[in-house]
Amino acid sequence: MNGNTLVVEDLKTHFFTRAGVVRAVDGVSFEVKPGEVLGLVGESGCGKTVTGFSILGLVDPPGRVVAGRILLEDVDLLQLSEAELRRVRGARVAMVFQDPMMTLNPVLRIDTQMVEAVRAHQAVDNEKAFQLAKEALQRVGIASPEERLRSYPHQFSGGMRQRVAIAIAMLNRPRLIIADEPTTALDVTIQAQILYEAQKLCRESGTALIWITHDLSVVAGLADRICVMYAGRIVESGPVDAVLDAPLHPYTQGLIGSVPSRNRRGSPLAQIPGMMPALTELPPGCAFRGRCARAADACAQQPDLREYKRHLVRCFHPL
Amino acid sequence: MVFVIRRILQSALVVLVMSLVVFVGVNVVGDPVHILISDDMTKEEVDRFVRQLGLDRPLHEQYLHFLANAARGDLGNSFVHGEPALKLILERMPATLELAFAAFLLAVIVGIPLGMYAGLKPEAPASRAIMAGSILGFSLPTFWVGLMMIMVFAVILGWLPSTGRGEFMTWDGLRHLALPAINLALFKMALVTRLARAGTREAALQDYVKFARAKGLSPSRVVLVHVLKNILVPVVTVLGLELGGLIAFSVVTETVFAWPGMGKLLIDSIQRLDRPVVVAYLVITVLMFVVINLVVDLLYAALDPRVRLREMKA
Amino acid sequence: MSARVETLPVVPKPETPLRRLASEFFASRVATGAFAALMVIVFMALFAPFLAPQNPYDLATVTVMDARLAPGERGSAGFLMWLGADGAGRDMWSAILYGLRISLGVGVASGIVALAIGTAIGLLAAYRGGWVDALIMRVVDLQLSFPAILVALILVAILGRGADKVMIALILVQWAYYARTVRGSALVERRKEYVEAAQCLALPASRIVFRHLLPNCLAPMIVVGTLQTAHAISLEATLSFLGVGLPLTEPSLGLLIANGFEYMLSGKYWISFYPGLALLATIMSINLVGDRLRDVLNPRLER
């Protein structure tokens with residue numbers, strides 16, 4: 001309800017390995033509105049990619065979603081059968097992966113891979129699907145799309161491949177796109193172009209976008225709202241300006257502080273001491289305790305997400 | 001196009017090298033006189049033969065002579081049958097090819113689906129059974145299994161004939177083909193299964209498979225188009241070479257089932273010291289191998305677009 | 001004053017690579033079973049003269065009166081022929097034990113020699129590089145592009161009959177696999193920088209090769225070794241069955257099976273069946289062990 005495109009409520013995805021239970025996603029909640037860009041930020045291993053896969057039902061064994069609700073325009077995806085979920089994937093929710101080299105099948109032509117994405121969801125013939133693919137490529141700024149369609153993935157550069165992936169994601173006009181670090185493997189200049197185009201596409205079509213990244217600078221220019229994840233939980237979320245200008249969680253502050261920037265040229269880079277704990281050995285209480293300068297006895301309890309000054313924060317001692 | 005020509009030239013070179021090896025093997029390593037001459041000739045006959053064959057000439061002359069003759073199709077006459085050795089071999093070749101191809105088809109048709117299943121669901125009990133079966137498959141001595149098959153299906157059950165070959169493409173022919181083809185196929189079936197499983201397991205873990213699922217494609221399309229095409233490339237390469245192995249290994253199956261192919265002729269000839277036939281067999285087989293390797297290379301390039309690009313750049 | 005007993009701190013047993021390898025290997029029940037079976041087979045082969053009630057190749061103990069006795073019947077010498085007798089009256093159990101000896105012996109011996117030769121050549125190719133490497137690998141590739149059975153038949157046709165010729169043929173068939181495997185692993189190590197450094201220090205080549213390159217190859221050598229040995233045993237049996245392998249005086253399991261061929265159609269299955277079973281058991285247990293070794297010794301894909 002409330003016109004949200006996506007509502008995630010208390011999502012828990014655990015991996016049951018021989019080494020123990022990995023609580024990759026441990027109670028994550030957020031919403032995304034139509035046309036909005038949500039940045040899901042955190043360092044490697046914090047569970048952001050698994051969150052993305054959980055939404056699409058692509059979590060492979062030994063992992064599975066153990067609790068929560070995922071409401072895509074009021075339909076709980078976790079209650080759908082596999083066949084129903086397949087109708088949602090690629091049509092109402094689409095995903096762009098991180099490594100463009102490996103997402104496209106190297107032995108199939110681009111048109112094959114695009115046409116099949118269309119025909120899996122729309123009852124059109126090959127020519128029509130081909131046309132749609134051509135238009136999609138044009139929209140992401142690929143010149144001479146007909147020629148490109150008949151090529152193989154390895155004949156493209158990394159940036160182009162990622163544009164193709166985005167084009168594929170947009171083919172069936174999804175309500176939501178989940179982009180998992182799509183520009184991490186690309187040059188900075190290409191990255192800027194793709195960010196710009198993604199933003200434009202979403203504004204124009206009203207598609208909600210979840211942009212998963214570890215790079216704050218990417219999110220700063222792109223997102224409307226931001227959720228910071230740590231050790232499987234959201235520790236802070238709010239409008240991007242509010243969170244980045246006045247962070248409330250010590251972790252967020254540490255993240256912002258560790259981004260190299262011109263203003264602090266010459267001074268040593270600030271680091272967050274320590275490392276994120278292994279997800280099989282999460283300490284009781286606040287997961288960030290071991291690295292937080294403000295930790296106190298109260299932090300032995302797991303803090304809840306509370307509203308504080310326009311953000312939501314999971315901390316007993318917000319800044 | 002350049003690629004194709006290059007490969008053909010390379011193959012021709014290999015044929016030449018192998019002819020040299022066969023020649024050296026026969027004329028230098030083995031006693032040339034003994035190897036090319038029937039054992040029960042008198043001394044005068046031997047001397048005359050030697051001069052006739054030019055065995056007293058220098059080696060390189062002999063080699064050229066050999067090549068010239070081979071190009072004409074003259075590889076000597078069989079001691080036992082008195083006919084041109086090459087003719088004997090070629091007469092028997094269709095039978096061997098029929099057997100080898102049948103076994104090849106069986107191995108592929110059974111092996112690839114089984115292997116793919118085991119690769120997609122590695123923990124399922126059926127998969128474990130398949131893998132156990134594959135180890136059994138390539139541990140089984142082919143000749144012994146052949147004997148057991150005759151025992152069970154021909155002697156005890158009486159369902160199928162035990163020896164000989166029927167007419168090509170008739171019901172009777174197929175009945176005679178069944179046991180030998182299955183026997184020959186077993187080993188390769190096991191190998192193909194393992195290969196397909198390894199390839200499928202690797203492919204299934206790749207990002208492009210996950211991406212295909214994220215696009216909402218049906219599982220059958222994901223498997224049959226995305227996964228299969230990727231494993232075809234390594235599997236085809238190996239299979240092509242295995243076809244050659246099947247032709248060679250048919251020697252065993254032909255012996256057990258009295259299948260009238262080249263292999264049986266070879267064994268008989270080795271035992272009866274009919275060396276011209278042995279040489280003829282080797283020449284034909286080597287030629288076949290080189291052609292098969294060439295075809296596999298070209299097929300590989302056709303199936304994997306990345307290879308074509310690499311070759312064009314090279 | 002009560003005596004304070006000072007206990008030494010408990011030092012856990014050091015985990016040598018061998019111990020770790022063993023514990024991983026035996027974690028699989030199938031592999032453990034195969035290994036046990038293999039040990040039993042080797043034992044039986046080694047102690048055949050003591051385990052067999054009769055020496056089947058001592059003509060004095062064999063009588064044709066016992067010919068083709070079915071399993072379970074008693075022979076003239078009084079002992080139970082629990083696997084039956086063959087066409088000449090030999091006790092099958094004894095024949096199999098002696099046959100195992102030969103099959104295993106030839107297979108393992110040829111494997112060891114081929115391993116030595118192939119390793120030496122592979123190391124040479126990896127260490128020298130350049131045209132030496134290219135030449136050697138051309139030869140190896142050429143040989144490996146032909147099936148083993150064909151190479152074996154060619155060699156037997158050229159060299160003639162006899163136990164030594166068969167050994168040579170088996171060795172010549174196998175060396176190329178070892179050479180290629182060893183060269184591959186040695187090359188990986190060779191390309192590492194410390195080898196270059198060692199060469200700059202003018203360390204003798206033999207030291208570099210044996211102290212550094214060779215240990216890196218041990219794991220794949222072991223895997224290839226086991227699988228190749230199984231292959232060699234199978235190949236020798238095939239050649240013997242075809243009549244171009246070991247001579248009658250050294251009857252391996254292959255020959256036993258061949259001998260039983262003619263009796264198959266009259267229903268006397270045991271003359272071929274049991275030797276084949278023994279051969280299968282041998283080959284399969286070696287393959288299972290080799291397969292497990294390969295899983296354990298390779299970098300694991302823990303997915």
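**View 1. Helices H2 and H4 of chain C cross in this predicted model.** Here you're looking at H2(C), residues 29–46, packed against H4(C), residues 92–128. Their axes sit 8 Å apart and meet at an angle of about 105°. Angles of 65 to 115 degrees count as roughly perpendicular, so that's what we call H2(C) relative to H4(C).

**View 2. Zooming in on the residues that join H2(C) and H4(C).** On the H2(C) side, look for C:Ile41, C:Val42, C:Met44, C:Ala45 and C:Leu46. H4(C) answers with C:Trp93, C:Leu97, C:Leu100, C:Arg101 and C:Leu104. Sort the residues of this contact by type and you get 9 nonpolar, 1 charged and no polar.

**View 3. Chain A meets chain B.** Chain A brings 29 residues to this contact, and chain B brings 22. About 2400 Å² of area is buried between the two chains, with carbon and sulfur atoms giving 62% of that.

**View 4. A salt bridge links chain B to chain A.** The partners are the side chains of B:Lys215 and A:Glu116, at 3.3 Å from N to O. Across the whole A–B interface there are 3 salt bridges, along with 11 residue pairs in polar contact.

**View 5. The side of chain A that touches chain B.** Which helices of chain A give two or more residues to this side? They're H1 (48–56), H3 (100–103), H4 (110–119) and H7 (158–170). H4(A) gives the most, with 4 residues. By type, chain A's residues here split into 15 nonpolar, 9 polar and 5 charged.

Definitions and conventions
Residues numbered from 1 in each chain as written. Chains lettered and ligands numbered in written order. Predicted model: local features only at pLDDT ≥ 70, side-chain atom pairs only at ≥ 80, totals over all residues. Heavy atoms only, no water. Contact = heavy atoms within 4.5 Å. Buried area = accessible area lost by both parts, 1.4 Å probe. Salt bridge = Lys/Arg side-chain N within 4 Å of Asp/Glu carboxyl O. Polar contact = N/O pair within 3.5 Å; in protein donor to acceptor, adjacent residues only side chain to side chain. Nonpolar A, V, L, I, M, F, W, Y, C, P; charged D, E, K, R; others polar. Axes fitted to C-alpha atoms, helices over the stretch in contact; angles between N-to-C directions. Parallel < 35°, antiparallel > 145°, perpendicular 65-115°, else oblique.
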